[in-house]
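Subject: A structure for you to look through

Hi there,

Here is the structure I promised to pass on. Please open it next to this email and follow along as you read.

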Amino acid sequence: MTEQELIQGLRNGDEAAFKYLVDNYKDRIYNTALGVVQNAEDAEDVAQEVFIQVYRSIHSFKGEAKLSTWLYRIATTRALDLLRSRKSKKRFGLIQRLFGEGNEPVYEIPDFNHPGVALDQKENAAKLYKAINQLPDNQRIAFTLHKIEDLSYQEVSEVMKTSLPAIESLMHRAKQNLRKILEKTGP
Amino acid sequence: MSIQNNKKIEEILNSLDGVKRAAAPEFFYTRLKARMEKDLLPAPVRSRILRPAYAFAALVLVLVVNAAVILKNNSGDVVAASEGESIQSLAAEYNLNDVSSLYDLNEDK
């Protein structure tokens, strides 16, 4: 099935086309979401939301970008939304604790281990993920798409709707910041 | 910073090189379809009734019915009062209010 046929099928509400889309892209979307949110259940939630949004708004997809680019864009946006809501819940929890309410402990992200990391690299990868958590959103997304989803800088620039030099600079800053964070926390 | 530390940081930074793509969980499509059916179906009537717009409309309806009943009762009093007046004038016209005249009539018999 070509991309045009797939898009047409989705626009016609064809269930076979939708299943084809999910079967072909679920791993890429799930892996991207997992790289950003660092939690398997949340990543599945985000991946589901991505496909629901595609189903709902396929008529607004103009075809200016590739379908995969559009999917990655939705996935990263949704994943960042989830992180923001998680952060605001954490802040609210802290305020509640300050005023003596909400005695339950604030949810902290536990050490994350990506299932695709080699066994001998698990410990280092967990430290790197912890450092990635402290990066600004755009650096985090660029780093995740390039390192975890193995997208080229060109593909990352299309997903993030920016230029290739901007992505190169973003990746350079991301690596510098990660180095600083790791130096501060101790390797 | 020691060379040892630098080396360790480099190792950490490169730890994601060659990472394999994580696969979506099993039955992902089945769970997605179930969620879509739940999310995309029209909301049940019960939850629709509980929406603020419906609750407000119901409140307005109750208030309108109440106001209508009160107004109707008030105008009913006026009708009852005017009916009472007409009965009294009728009674006066036929001397029915004068109880003594009734006795007089009985005495005549």
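How many residues does the contact take from chain A and from chain B? It takes 30 residues from chain A and 22 residues from chain B, where two residues are in contact if their C-beta atoms, placed from the backbone, lie within 7 Å. On the side of chain A that touches chain B, α2 (15-37), α3 (40-57), α5, α6 (137-148) and α8 each supply at least two residues. The largest share, seven residues, comes from α2(A). By class, this side of chain A divides into 15 nonpolar, six polar and nine charged residues. Here Ala, Val, Leu, Ile, Met, Phe, Trp, Tyr, Cys and Pro count as nonpolar, Asp, Glu, Lys and Arg as charged, and the others, Gly among them, as polar.

Two notes on reading the model. It is a predicted model, in which local features need pLDDT of at least 70 and side-chain atom pairs count only at pLDDT 80 or more, while totals for chains, interfaces and linings use all residues. Residues are numbered from 1 along each chain as its sequence is written, and chains are lettered from A and ligands numbered from 1 in the order in which they are written.

Now the chains themselves. Chain A has eight helices and zero strands, and chain B has five helices and zero strands; helices (H or I, at least four residues) and strands (E, at least two) are DSSP runs, numbered from the N terminus. Of the 187 residues of chain A, 34% count as buried, and in chain B buried residues make up 8% of the 109 residues. A residue is buried if 20 or more other C-beta atoms lie within 10 Å of its own, exposed if 12 or fewer, and partly exposed in between.

The axes of α5 (residues 122-132) of chain A and α1 (residues 3-13) of chain B come within 8 Å and cross at roughly 85°. Therefore α5(A) is roughly perpendicular to α1(B) (65 to 115 degrees counts as such; axes are lines fitted to C-alpha atoms over the stretch in contact, with angles from 0 to 180 degrees between N-to-C directions). Asn124(A), Lys127(A) and Leu128(A) meet Glu11(B), Ile12(B) and Leu13(B) there.

Next, the inside. Nonpolar side chains tend to be buried together in soluble globular proteins. The largest nonpolar core here has 50 residues, a core being a set of buried Ala, Val, Leu, Ile, Met, Phe, Trp, Tyr and Cys residues joined through C-beta atoms within 7 Å. α2(A) gives the most to this core, with ten residues. Leu71(A) is one of the residues with the most contacts inside the core, and its partners include Tyr25(A), Ile29(A), Val50(A) and Val54(A).

Leu182(A), in helix α8 (residues 164-185) of chain A, counts as buried because it has 20 C-beta neighbours inside 10 Å.

Finally, two backbone angles. Most residues other than glycine have a negative phi. Lys161(A), in the loop between α7 (153-159) and α8 of chain A, has a positive phi near 50°. Phe27(B), in the loop between α1 and α2 (28-40) of chain B, has a positive phi of about 55°. Lys161(A) counts as exposed because it has 10 C-beta neighbours inside 10 Å, and Phe27(B) is exposed, with 10 other C-beta atoms within 10 Å.

Happy exploring!

Notes:
Parallel < 35°, antiparallel > 145°, perpendicular 65-115°, else oblique. Lists of a residue's contacts leave out its neighbours within four places in sequence.
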